[in-house]
Amino acid sequence: MLPTLPLLLFLLLLLPVPLSPASPPAVQTCQDFIHCLISGGGGFPSNLIYAPSNPNYSTILESTIRDARFNSTSTPKPSLILTPISTSQIQAAVLCSRRHDFHIRIRSGGHDYEGLSYSYSSQFAVLDLASFRNVTVNRAEKTAWVQSGAVLGELYYRIAKRSPHLAFPAGVTNTVGVGGHFSGGGFGFLVRKFGLAADNVIDCRGRILDRASMGQDFFWAIRGGGGNTFGIAVAWKIRLVTVPSTVTVFSVVRTIEQNGLDIANKWQSVSSKLPKELSLDLLLTTTNRTKNRATIKIAIFSALFLGKTDKLLNLMQSKFPELGLTGEDCKEMTWLESVVFHGGFPSNATVEALLDRSKNSPLVWTLKYKCKSDFVRGDPIPESALLKMWEKLMEIEPEFGGILMFPWGGEMEEISEFRIPFPHRGGNLYMIQHMAYWSDEGERHVGWLRELYDLAGDYVSREPRSAYVNYRDLDIGMNGEEEEGYERARVWGEKYFGKNFERLVRVKTAVDPENLFRNEQSVPPLPRGIRSQRIAAGSQFDRCTL
Ligand code: FDA
């Protein structure tokens, strides 16, 4: 059952388009846009529109800015923040954006690693979906509808409260928003057993566009093809997965002196081949930091096992004895409690902590950070190179630097690279997230992170060096002017989407030829001159398998 609001999935097409390609651009002003919102187009209530002069503007803007790097006086700010509470208001915002060529950015949870959902170098408005947070679970059908402004913690909580045997395979951090997360893939500790969040999006419903009316190419594109590209996702129907009533978790630390390097090295070849029920992540980092240098290298192995401790211990003894896991390291709990365990909360936190969307939740939102991603395919990183990367973490000046490694394999090995736009499937041993967190001024920490990334260059996927779109990284390329958009976008697009990039371009050209929904890394439409030719040629490559 849907909640009372009509749930629409995508709002962008089939709206009246007043501008023909030949019309001269109208004089665009913020006032025109506001007028259109309030009286011209959609009856958007003025009390849901925040201009910088409004005393609540900063509070609303900052409510989901999750990276302090983009919360400075030099960060470009929106001219308006729109906080719709109904789908007709979202529709009005899209209509007025198109009518007045007034750029909008969509924000759900605000976790974009480059702040693209709330910053832009020209005039723009933020369409903030924080009020769209219903989660409706159908226990018998093992499905749920979730609106884009819900955060992962709420989603997990609502599902598990309806049935402790149901779960959903998505990310680890409770405050990540559904809207951006599902748009780019979304993975966490259940990825090896059940795939990505986007793999488990099964339907969408609405009055304007739903799965049936959007067609299979469009439905394919929205599940991993990146946010703010094909339209506005308002709600998603997801397939829930079954988990046992008791799961086991652990998080164990090994220093170099405790054979940490050998164990980490072994982890590289073992972790993707473990049974799907076990996801064992590895974080290489350092501790005991003085001013500019750390002195101790640590490897943290964190796991979720869909079963009880005795079975896990037998498994680890036979597949990965080097870790030396003992019964004392393991904790049995419900799946929902395991989300809290891995979510970085204090040890006494209850599952209700997952509902906390505020900045009180555990991650230090006051820090600035940047991340970069990699995929290790085929062969592991040689031990000597791994040590060099780890050594680099010792010169850490940021508050925190780390190399977080997520094992692939399992279900990810079995899903075709073409099933949804996310292509990083079979043959990958694991994904890397290179991370730097800091609090002081200056961009030198970004430089440090790039050096760390360079050290991995010879040992990770190449031609292209792949990346994960949800770990947005503008270093790998950015969109330029419209007519050169396609060639420039290929540079970063093939890193994120591999061979799926071409199909994404065709979908974009068909559904949003005017590029209404765009950002620095949104898939562009083809230039006008070659559109019909390329779209027609592309139709023979229809590979949607759902
Ligand atoms: P935000 O609102 O910033 O949106 C991100 C992008 O999607 C923007 O381009 C935005 O315009 C667009 N967008 C947002 N809502 C949309 C909508 N309704 N329709 C269309 N486009 C929309 N990833 C992962 O896979 N596993 C993990 O465990 C984590 N953990 C994690 C922790 C932390 C602290 C951060 C900062 C990030 C992660 N991520 C992650 C990455 C996360 O999945 C990624 O940043 C998502 O895009 C965030 O979605 P939000 O809605 O929160 O962001």
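This is a predicted model: local features need pLDDT of at least 70, side-chain atom pairs count only at pLDDT 80 or more; totals for chains, interfaces and linings use all residues.
Side chains of opposite charge can pair when their charged atoms come close. The count of salt bridges in the model comes to 29. In one of them, the side chains of Lys370 and Glu114 meet with an N to O distance of 2.7 Å; Lys370 belongs to strand β15 (residues 368–377), whereas Glu114 lies in the loop between β3 and β4 (125–128), 256 residues apart in the chain. Lys370 and Glu114 are both buried. A salt bridge also forms between Lys276 and Glu414, whose closest N and O atoms are 3.3 Å apart. Because Lys276 lies in the loop between α8 (260–270) and β12 (278–289) and Glu414 in helix α12 (residues 411–414), this pair ties together parts that are 138 residues apart in sequence. Lys276 is partly exposed, at 26% relative accessible area, while Glu414 is exposed, at 56%.

The side chains of Asp473 and Lys372 likewise meet in a salt bridge, at 2.7 Å from N to O. Since Asp473 is placed in the loop between α13 (444–456) and α14 (485–497) and Lys372 in strand β15, the pair ties together parts that are 101 residues apart in sequence. Asp473 is buried at 2% relative accessibility, and Lys372 is buried at 1%. Through shared partners, salt bridges join Asp67, Arg69, Glu114, Lys370, Lys372, Arg450, Asp473 and Asp475 into one network.

The ligand is surrounded by 34 residues, of which the closest are Ile106, Ser108, Ser117, His181 and Tyr468. A polar side-chain atom of His181 lies 2.7 Å from a ligand oxygen, a polar backbone atom of Gly180 is 3.0 Å from an oxygen atom of the ligand, and a polar backbone atom of Phe187 is 2.8 Å from a ligand nitrogen. Of the 960 Å² of accessible area that the ligand has on its own, the protein covers 97%. Two or more residues of the shell come from each of β3 (104–107) and α5 (178–184), and α5 gives the largest share, three residues. By type, the shell consists of 13 nonpolar, 18 polar and three charged residues.

Conventions:
Residues are numbered from 1 along each chain as its sequence is written. Side-chain values use heavy atoms; hydrogens and water are left out. A residue is near a molecule or strand if one of its heavy atoms lies within 4 Å of it. A polar contact is a pair of N or O atoms within 3.5 Å; within protein, one must be able to donate a hydrogen and the other to accept it, and residues adjacent in sequence count only if both atoms are side-chain atoms. Accessible areas come from the Shrake-Rupley method with a 1.4 Å probe; for residues, only the protein chains shown count as cover. Helices (H or I, at least four residues) and strands (E, at least two) are DSSP runs, numbered from the N terminus. Ala, Val, Leu, Ile, Met, Phe, Trp, Tyr, Cys and Pro count as nonpolar, Asp, Glu, Lys and Arg as charged, and the others, Gly among them, as polar. A salt bridge is a side-chain nitrogen of Lys or Arg within 4 Å of a carboxyl oxygen of Asp or Glu. Buried means under 20% relative accessible area, exposed over 50%, partly exposed in between (1.4 Å probe, protein chains only).
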